[in-house]
Amino acid sequence: QLQLVESGGGLVPPGGSLRLSCAASGFSLNGYAVGWFRQAPGKEREGVSCIISTDILTYYSQSVKGRFTITRDKAKNTVYLQMNNLKSEDTAVYYCAGTGAVGSDLVCSMGSHNYDYWGQGTQVTVSS
């Protein structure tokens, strides 16, 4: 069974850091583009960051650029989202998603409809 599992969420004060993990089971994530998304209460799901299957290119939303970093560990079949200088507006459930669609080695999307596999989400709360 193809599955993505997020972990690493929690409660952190403003200015703090967290590292989210997205681990794949049942398939190799290495040939997939991976995106991180978040959804705050009452808001639509938004793309935060993504990485193409070859890891050469990464993308970030304007709201997190310079604070978040997406990376991949091929040996661990895991993609990470390092989040620094967290703000209260970063509070949300964070999801990772993967796609092996044609072109995943060239570009990745911040649109959730472009992804085939999703994790269950992990809560990130930024509060003092």
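**Figure 1. The elements of the protein chain, from the N terminus on, run β-β-β-β-β-β-β-β-β-β-β.** The model is predicted: local features need pLDDT of at least 70, side-chain atom pairs count only at pLDDT 80 or more, and totals for chains, interfaces and linings use all residues. Residues are numbered from 1 along each chain as its sequence is written, and side-chain values use heavy atoms, with hydrogens and water left out. The protein chain holds 11 strands and zero helices. Strands (E, at least two residues) and helices (H or I, at least four) are DSSP runs, numbered from the N terminus.

**Figure 2. Overall dimensions of the protein chain.** The radius of gyration is 14 Å, which agrees with the value near 14 Å for a compact globule of 128 residues. This radius is taken over C-alpha atoms; the globule rule is 2.2 Å times the number of residues to the power 0.38. Along the principal axes, the C-alpha atoms fill a box of roughly 40 × 30 × 30 Å. Of the contacts with a separation of 6 or more, 61% join residues 24 or more positions apart. A contact means heavy atoms within 4.5 Å.

**Figure 3. The disulfide of cysteine 22 and cysteine 96.** Their sulfur atoms lie 2.1 Å apart; the cut-off for a disulfide is a pair of cysteine sulfur atoms within 2.5 Å. Cysteine 22 sits in strand S3 (residues 18-25) and cysteine 96 in strand S9 (residues 92-99), so the bond ties together parts that are 74 residues apart in sequence. The torsion about the S-S bond is about 70°, so this disulfide is right-handed. Cysteine 22 counts as buried because its relative accessibility is 0%. Cysteine 96 is also buried, with a relative accessible area of 0%. Buried means under 20% relative accessible area, exposed over 50%, and partly exposed in between (1.4 Å probe, protein chains only).

**Figure 4. The disulfide of cysteine 50 and cysteine 108.** The two sulfur atoms are 2.1 Å apart. Cysteine 50 belongs to strand S5 (residues 46-51), while cysteine 108 lies in the loop between S9 and strand S10 (117-118), so the pair ties together parts that are 58 residues apart in sequence. With a torsion of about 75° about its S-S bond, the disulfide is right-handed. Cysteine 50 and cysteine 108 are both buried.

**Figure 5. Disulfide pattern and burial in the protein chain.** The count comes to two disulfides. With bonded cysteines counted along the chain, their pattern is 1-3, 2-4. Buried residues make up 44% of the 128 residues.
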